[in-house]
Amino acid sequence: MQQNIYLLGAPGAGKGTQAELLAKKLGIPQLSTGEMLRSARLEGSELGKRVAAIMDAGKLVSDDVVIALVEQRLCRPDHQNGVILDGFPRTIPQAEALDALFARAGRSALKVIAIDVPADEIRRRLSGRRWCTTCKKTYHITDNPPPDGPSCEGIGTCRLEVRSDDKPEAVEKRLQTYEEQTSPLLAYYRGKGAFYSVNGTGKISDIFSAVMSCLSA
Ligand code: ADP
Ligand code: ADP
């Protein structure tokens with residue numbers, strides 16, 4: 001059966017961390033619009049150049065751009081058994097566009113899991129977040145450190161960087177953007193059926209267990 005899962009939460013709530021674990025466990029791909037946009041920037045593509053300043057300012061890239069990225073991805077053969085959406089949708093128009101895409105493609109209904117983390121914990125997490133520009137994995141300097149020794153795609157050492165949008169000013173703007181444009185999705189999806197909420201504080205493995213319980217509910 002096709003399993004379509006959407007992780008909803010503020011920046012730093014742990015969506016990417018949980019999505020990666022889910023992808024491994026369920027054998028279905030993670031679709032992260034943030035990751036796709038960061039890859040476009042690393043490649044120096046036209047799209048990457050267009051979105052760089054918007055991302056670094058903590059604002060949202062336009063709905064049309066991200067909807068087109070998701071539409072292309074969902075058509076791929078390896079996305080037909082399901083998908084784990086991480087960071088999309090982020091606005092009501094994006095959610096409506098996704099509903100239309102799902103209806104057109106005859107995909108199974110989304111299971112929505114909201115991950116709830118207080119703002120101060122988010123600030124703490126984002127100040128210690130590091131990502132590898134080669135394998136794209138995300139770590140935290142104290143809470144989720146990279147493994148000792150070779151780890152990057154099994155062949156070398158990760159090249160860890162601070163994301164340019166994890167600077168304190170950009171984090172504050174992203175939290176505000178989340179409140180204004182993304183948090184209305186909580187009510188949008190709560191009214192639609194398969195909606196679950198998990199406490200996103202505590203150990204990564206405990207949160208993962210809570211997420212898995214939602215899926216079997
Ligand atoms: P999001 O994708 O929602 O922005 P991430 O998965 O990138 O969030 O997590 C944000 C930061 O917090 C990362 O540095 C990650 O390693 C760390 N992190 C994720 N889950 C936890 C947790 N349960 N406790 C502590 N740190 C966490
Ligand atoms: P986080 O989960 O830590 O907020 P993401 O990696 O999901 O970060 O997104 C990073 C940035 O990429 C966002 O702040 C925004 O500028 C852009 N972005 C990602 N997904 C979307 C989306 N669905 N709509 C608009 N902009 C997006």
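**Conventions.** I worked on a predicted model, in which local features need pLDDT of at least 70 and side-chain atom pairs count only at pLDDT 80 or more, while totals for chains, interfaces and linings use all residues. Residues are numbered from 1 along each chain as its sequence is written, chains are lettered from A and ligands numbered from 1 in the order in which they are written, and side-chain values use heavy atoms, with hydrogens and water left out.

**Ligand 2.** I listed 20 residues around ligand 2, with Thr33, Arg38, Lys59, Arg90 and Arg174 coming nearest; a residue is near a molecule or strand if one of its heavy atoms lies within 4 Å of it. I then asked which helix gives the most to this shell. Helix α2 (residues 33-43) does, with four residues; helices (H or I, at least four residues) and strands (E, at least two) are DSSP runs, numbered from the N terminus.

I looked up polar contacts next, taking a pair of N or O atoms within 3.5 Å; within protein, one must be able to donate a hydrogen and the other to accept it, and residues adjacent in sequence count only if both atoms are side-chain atoms. A polar side-chain atom of lysine 15 lies 2.9 Å from an oxygen atom of ligand 2. For arginine 38, I read 2.9 Å from a polar side-chain atom to a ligand 2 oxygen, and for arginine 163 the corresponding value is 3.0 Å. The protein covers 97% of the 550 Å² of accessible area that ligand 2 has on its own; such areas come from the Shrake-Rupley method with a 1.4 Å probe, and for residues, only the protein chains shown count as cover.

**Ligand 1.** I found 18 residues surrounding ligand 1, the closest being Gly12, Lys15, Thr17, Arg129 and Tyr139. By class, the shell comprises six nonpolar, eight polar and four charged residues. I noted that a polar side-chain atom of threonine 17 is 2.5 Å from an oxygen atom of ligand 1. The elements giving two or more residues to the shell are α1 (15-26), β6 (138-140) and α9 (204-216).

Over the whole structure I found two aromatic pairs. One of them joins tyrosine 188 and tyrosine 189, edge-to-face, at 5.0 Å centre to centre with 85° between the planes. Rings of Phe, Tyr and Trp (its six-membered ring) pair if their centres lie within 6.5 Å; planes under 30 degrees apart count as stacked, over 60 as edge-to-face and the rest as tilted. Tyr6, Tyr188 and Tyr189 form one aromatic cluster.

Is tyrosine 189 buried or exposed? I recorded tyrosine 189 as buried because its relative accessibility is 3% (buried means under 20% relative accessible area, exposed over 50%, partly exposed in between; 1.4 Å probe, protein chains only).

I also checked for charges over rings, which requires NZ of Lys or CZ of Arg within 6 Å of the ring centre and within 35 degrees of the ring normal. The charged end of arginine 38 sits over the ring of tryptophan 131, 5.6 Å from its centre. Arginine 107 has its charged end over the ring of phenylalanine 102, 5.4 Å from the centre.

**Asparagine 4.** I located asparagine 4 in strand β1 (residues 3-8); it counts as buried, at 2% relative accessibility. Its side chain makes a polar contact of 3.1 Å with the side chain of arginine 107. A polar atom of the asparagine 4 side chain also lies 2.9 Å from the backbone oxygen of serine 108.

**Backbone exceptions.** Most residues other than glycine have a negative phi, and most peptide bonds are trans. I noted a cis peptide bond between phenylalanine 88 and proline 89, with omega about 0°. Proline 89 is in the loop between β3 (82-86) and α5 (92-105). Lysine 136 has a positive phi, near 70°, and is placed in the loop between β5 (129-132) and β6. At 27% relative accessibility, I logged lysine 136 as partly exposed.

Note on methods:
Nonpolar A, V, L, I, M, F, W, Y, C, P; charged D, E, K, R; others polar.
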